[in-house]
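Please consult the sequence and the model as displayed below.

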Amino acid sequence: MSVRTPSGSALDPGHVTDDAIRSTMTNCSRGEAHRMRVPEWVHGSDPVHGVVGWRDPKSPERGWMLVPLGEAVVGLALRATPGKGVRTTAMCDLCRTTRAPGEVSLFVAARAGEAGRKLNTVGTYVCSDLACADNVRVLRPTPTLKPDPGLSISEREAALRERAAAFAEKVLASR
Ligand SMILES: [Zn+2]
């Protein structure tokens with residue numbers, strides 16, 4: 001199943017183009033979207049059915065996330081607060097994985113539209129690597145990575161999608 005992005009181009013799971021990714025972005029300027037760096041693996045990912053997130057390899061404070069929302073995919077530009085992340089053991093708000101000190105960071109997203117231009121933001125604590133989709137698939141907890149206990153992997157994946165969608169809706173709410 002492919003979905004249409006706001007600009008009308010198609011986003012196909014497994015064949016995700018840079019143009020399709022850029023056209024899903026809701027809360028950054030065209031210039032910022034243009035400067036986005038997309039790691040190769042993202043092109044083969046499936047943002048229609050699961051959350052896809054990555055840190056920008058060229059711009060360390062930048063992060064990007066593609067979130068399935070209804071029949072669409074919403075692209076979010078995120079900025080990590082400077083520094084090494086939360087100094088204590090902390091839980092990711094999106095995937096509920098408990099991470100070692102420094103492995104969860106506060107990310108802020110500008111609100112979409114006029115509110116974002118007025119520097120209005122939404123913040124949330126997320127795995128510093130933005131690899132929540134991989135982190136919920138960990139079978140055995142490690143000292144640095146403890147997924148939500150008592151849930152199957154598919155339950156964790158569904159819960160991650162739900163929380164990421166709720167976050168995306170907050171970013172879009174003020175449009
Ligand atoms: Zn996470």
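How many bridges join β6 to strand β7?

## Basis of the model

This is a predicted model, in which local features need pLDDT of at least 70 and side-chain atom pairs count only at pLDDT 80 or more, while totals for chains, interfaces and linings use all residues. Residues are numbered from 1 along each chain as its sequence is written, and side-chain values use heavy atoms, with hydrogens and water left out.

## Strand pairing

β6 is joined to β7 (residues 98-99) by 2 bridges, and the two run antiparallel. Helices (H or I, at least four residues) and strands (E, at least two) are DSSP runs numbered from the N terminus; two strands pair if DSSP finds at least two bridges between them. Met 91 has Thr 98 in β7 as its bridge partner.

The open sheet contains 3 strands in the order β6-β7-β10, with antiparallel pairing. Because β6 (90-91) and β10 (145-146) each have a single partner strand, they stand at the edges, and one side of each lacks a neighbour in the sheet.

## Positive phi angles

Arg 96, which is not a glycine, has a positive phi of about 60°. Arg 96 lies in the loop between β6 and β7 and is partly exposed, with a relative accessible area of 35%. Buried means under 20% relative accessible area, exposed over 50%, and partly exposed in between (1.4 Å probe, protein chains only).

Leu 130 also has a positive phi, near 55°. Leu 130 lies in the loop between β9 (121-127) and α5 (132-135) and is buried, at 2% relative accessibility.

## Cysteines

The whole structure has 0 disulfides (pairs of cysteine sulfur atoms within 2.5 Å). The sulfur of Cys 28 is too far for a bond, because the closest cysteine sulfur, in Cys 132, is 19 Å away. Cys 132 is buried, at 1% relative accessibility.
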